[in-house]
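Open the structure in your viewer and keep the selection tool at hand. The tour starts at one residue and then widens.

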Amino acid sequence: ISSDMLDSLNKAKALTEYLSSQTEDLSSAHKHLMNDPVVKLTAQDGTFTYKGLIQATQQLISTGFSVQGRTGVTMTDPDYFAMSYNLLNDFYIGLRNSSDYYTIEMNQKVDDQMSSFLILLVASILVLFLALVGLFVIFYQINKAREAVLSLFLDIPEKTVKNLFAKCET
């Protein structure tokens with residue numbers, strides 16, 4: 001269990017570091033939640049402090065590392081209380097709000113990309129249609145020229161053709 005907890009804490013730490021470095025595309029409300037002191041963390045004695053979600057996450061990960069390294073942790077341990085109480089209350093609500101903000105921001109990005117994709121799709125269909133119309137005009141002109149050449153050869157009198165054929169054989 002100790003190795004699983006250590007692995008989970010390391011993954012949570014890496015994820016927190018990554019998310020805290022990727023804040024340029026966040027909405028102002030999401031940045032407010034991440035950086036400004038709005039998440040309430042409660043200690044065992046009933047005192048509480050407000051922190052940004054990133055700071056609160058880092059504090060809980062740090063507390064998790066200290067609990068993980070000890071043996072014989074009981075429910076009355078202040079670090080255990082801080083982790084169990086905060087992970088199920090305001091910190092949890094902050095994480096849910098952050099997830100909701102990520103979802104909203106991702107939907108906005110998808111909508112923006114969707115309109116760009118539709119513009120490109122319509123433009124490509126229009127170019128394809130114009131190319132097909134151009135090809136039909138070219139094929140029509142080629143067929144017209146071909147008919148003109150064939151009619152030119154068909155307009156030669158039969159007697160002239162026989163004379164030319166006879167001259168070729170001799």
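In which loop is the place of P37? Select P37: the loop lies between α2 (28-35) and β1 (39-42). Helices (H or I, at least four residues) and strands (E, at least two) are DSSP runs, numbered from the N terminus. This is a predicted model, in which local features need pLDDT of at least 70, side-chain atom pairs count only at pLDDT 80 or more, and totals for chains, interfaces and linings use all residues. Residues are numbered from 1 along each chain as its sequence is written, and side-chain values use heavy atoms, with hydrogens and water left out.

Stay on P37. P37 counts as exposed because its relative accessibility is 53% (buried is under 20% relative accessible area, exposed over 50%, partly exposed in between, with a 1.4 Å probe and protein chains only). Now show Y50, K51 and G52: P37 touches these residues, leaving aside residues up to four places away in sequence. Contact here means heavy atoms within 4.5 Å.

Next, select helix α3 (residues 53-68). Its buried residues include L53, I54, L60 and V67. The buried residues of α3 pack against α1, α2, β1, β2 (48-51), α4 (78-87) and α5.

Finally, select the whole protein chain. What pattern does the protein chain follow along the sequence? The pattern is α-α-β-β-α-α-α-α, with 6 helices and 2 strands. Along its principal axes, the C-alpha trace spans about 120 × 35 × 20 Å. Buried residues make up 16% of the 170 residues.

Technical notes
Expected span 1.5 Å × (residues − 1).
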